[in-house]
Amino acid sequence: MRKFQVKPGEATAPRFLSVEDTANLLGMSAMTLYRAIKAKEFPAIRVRGRLIVPVKAIDEMTDSALKNNTVVDAADWVAGEVA
């Protein structure tokens with residue numbers, strides 16, 4: 001089994017955030033985000049009973065909104081309608 005190791009003094013950005021941390025980042029309640037995830041309107045990964053949000057998904061939605069100078073709907077993003 002390969003273990004992930006961070007060398008001393010080496011900073012690494014997290015690849016995943018908890019639902020609570022994601023909600024704080026987006027300025028919404030965790031319950032709102034949990035509801036969106038349950039309704040398949042926001043991307044998340046379930047590991048056993050725990051939900052985590054890929055930082056990459058947030059970054060890609062942000063990049064798309066900025067690149068296209070438009071609103072990105074997370075529900076459309078999850079459904080694969082946003083390019």
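Tutor: Let's start with a term: buried means under 20% relative accessible area, exposed means over 50%, and partly exposed is in between (1.4 Å probe, protein chains only). Two more things before we dig in. This is a predicted model, where local features need pLDDT of at least 70 and side-chain atom pairs count only at pLDDT 80 or more, while totals for chains, interfaces and linings use all residues. Residues are numbered from 1 along each chain as its sequence is written, and side-chain values use heavy atoms, with hydrogens and water left out.

Now to your pair. Glu 60 is partly exposed, with a relative accessible area of 34%. Its partner is Lys 56: the two form a salt bridge, with the closest N and O atoms 3.9 Å apart. That term asks for a side-chain nitrogen of Lys or Arg within 4 Å of a carboxyl oxygen of Asp or Glu. Side chains of opposite charge can pair when their charged atoms come close. Lys 56 is exposed, at 58% relative accessible area. Both residues sit in helix α3 (residues 55-68), 4 residues apart, which is about one turn of the helix. By this rule, the count comes to 1 salt bridge.

As for helices and strands, they are DSSP runs numbered from the N terminus (helices: H or I, at least four residues; strands: E, at least two). The protein has 4 helices and 3 strands, and from the N terminus on they run β-α-α-β-β-α-α.

Next, the loops. Most residues other than glycine have a negative phi. Lys 40, in the loop between α2 (30-38) and β2 (45-47), has a positive phi of about 60 degrees although it is not a glycine. Lys 40 is exposed, with 65% relative accessible area. Arg 48 also has a positive phi, near 55 degrees, and lies in the loop between β2 and β3 (50-54). Arg 48 is exposed too, at 81%.

At 34% relative accessibility, Ile 45 counts as partly exposed. Phe 16, Ile 45 and Val 47 make a nonpolar surface patch of about 240 Å². Patches take residues with over 30% relative accessible area and no salt bridge, joining like charges within 9 Å and nonpolar side chains (Val, Leu, Ile, Met, Phe, Trp, Tyr) within 5 Å. The areas come from the Shrake-Rupley method with a 1.4 Å probe; for residues, only the protein chains shown count as cover.
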